[in-house]
Amino acid sequence: MAEGKFRRNPNAPRRAVAMADRIMTYINRGQEPVPLMEFVTSVRPDSKRNDMKKWLKFGHLMVNGTVTTAFDAPVEPGTEVKLNLSRPFPVFRHPRIQIVYEDDDVIVINKGYGLLSVAAQNEKKEINAYDIVRNYIKEVNPRNKLFIVHRLDRDTSGLMMFAKSPEAQETLRHNWNNMILERLYVAVLEGYLDQDQGYVKSRLAENSQYVVYSTDNPDEGRIAVTHYKVLGRGNNHTLAQFSLDTGRKNQIRVHASDLGHPISGDKKYGAKHSPLHRLALHAQTLRFAHPITRKDMYFESPVPQKFRDILRKQKI
């Protein structure tokens, strides 16, 4: 797998990479949205018009963490605009990861399936989401750091978050259950779930082969609770949404198997077929209290179309 590529202004001098960035931050304090070019003109009245056009064209402007080149992009009230006077902001490009949101303290990504979240200790070193994102933020500023706060399984796609500051990491680590307000997953299950909604509660333990299983032994494992809701049925499959009261390893996969309807493609936990040649599990929704500002942050990734196609008997 190739590492991410970063686009730069070809006219920028090479020595600019080593220079300290001069980044100015402005916030729309007004009551109405303002087109980006108009906003920049208002906060930089002494700047030349040609300089402003250059900043816009080559990616020197970032609106709420996203590099923007549209002159009429709306700057909403309270929106943060950053201007890099030294060079264009590095732009993240990778076929298996999209950056959904980024600020000085957190970064939210949409991870593709088949990609490790972080390096696995028991496997050969291979590229993973943590390394890819870390390389990107180091490109922005060599002093930047990235901290792990949670993981997704290799074959689970969807939303996950990293911390970018020690303060954010500590807050999330010590208050995870209070900071995470909602995490929803969608999965395609083999067969038809009889109940439209319900929950599974069990103790989860792990054997020497790294297989997680439910147990009734009160001295073994940790309690896990998974709620489910049916979103659709068809073609002998069920599209279901899951929410977690706890965050145990492989929790949804084990509890889906306990229901008698393993996740499509999950041969580790009893699936018979794999029409997508992948685990049909996707982290759909991530809602959390921002660890620094305490602002309510909500992100949603669409249900993969191929998940719906399984139910409709369409060609995958």
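This is a predicted model: local features need pLDDT of at least 70, side-chain atom pairs count only at pLDDT 80 or more; totals for chains, interfaces and linings use all residues.
Which residues does Ile263 touch, not counting residues up to four places away in sequence? The legends below begin with this residue.

Figure 1. Residues are numbered from 1 along each chain as its sequence is written, and side-chain values use heavy atoms, with hydrogens and water left out. Leaving aside residues up to four places away in sequence, Ile263 touches Ala187, Val188, Leu189, Ile252, Arg253, Ala256, Ala271, Leu279, Ala280 and Leu281; contact means heavy atoms within 4.5 Å. A nonpolar core is a set of buried Ala, Val, Leu, Ile, Met, Phe, Trp, Tyr and Cys residues joined through side-chain atoms within 4.5 Å. The largest such core has 41 residues, and Phe162 and Ile263 touch the most other members. Helix 3 (residues 129–140) gives the most to this core, with 7 residues. Another core, of 17 residues, lies apart from it and includes Val108, Val149, Ala163 and Ile180.

Figure 2. Helices (H or I, at least four residues) and strands (E, at least two) are DSSP runs, numbered from the N terminus. Buried means under 20% relative accessible area, exposed over 50%, and partly exposed in between (1.4 Å probe, protein chains only). Helix 6 is largely enclosed by the rest of the structure, because 6 of its 8 residues are buried. These buried residues are Gln251, Ile252, Arg253, Val254, His255 and Ala256. They pack against strand 11 (180–190), strand 12 (197–206), strand 13 (212–215), strand 14, strand 15 (237–244) and strand 16. After helix 6 comes Gly260, whose phi is positive, near 90°.

**Figure 3. Arg253 in helix 6.** Arg253 belongs to helix 6 (residues 251–258). Its relative accessibility is 11%, so Arg253 counts as buried. The side chains of Arg253 and Asp266 make a polar contact of 2.7 Å. A polar contact is a pair of N or O atoms within 3.5 Å; within protein, one must be able to donate a hydrogen and the other to accept it, and residues adjacent in sequence count only if both atoms are side-chain atoms. Apart from residues up to four places away in sequence, Arg253 touches Asp153, Ile263, Asp266, Lys268, Tyr269, Leu279 and Leu281.

**Figure 4. Arg233 in strand 14.** Strand 14 (residues 222–234) contains Arg233. With a relative accessible area of 37%, Arg233 is partly exposed. Its side chain reaches the backbone oxygen of Leu193 at 2.8 Å, and a polar contact of 2.8 Å joins the side chains of Arg233 and Asp196. Beyond residues up to four places away in sequence, the residues that Arg233 touches are Tyr192, Leu193, Asp194, Gln195, Asp196, Thr238 and Leu311. Arg233 and Arg253 are 20 residues apart in sequence, and their C-alpha atoms are 19 Å apart in space.

**Figure 5. Thr285 in strand 16.** Thr285 is found in strand 16 (residues 281–289). The relative accessible area of Thr285 is 4%, so this residue is buried. When residues up to four places away in sequence are not counted, Thr285 touches Leu159, Glu182, Arg183, Leu184, Tyr298, Phe299 and Glu300. For context, the protein chain has 7 helices and 17 strands, and buried residues make up 47% of its 316 residues.
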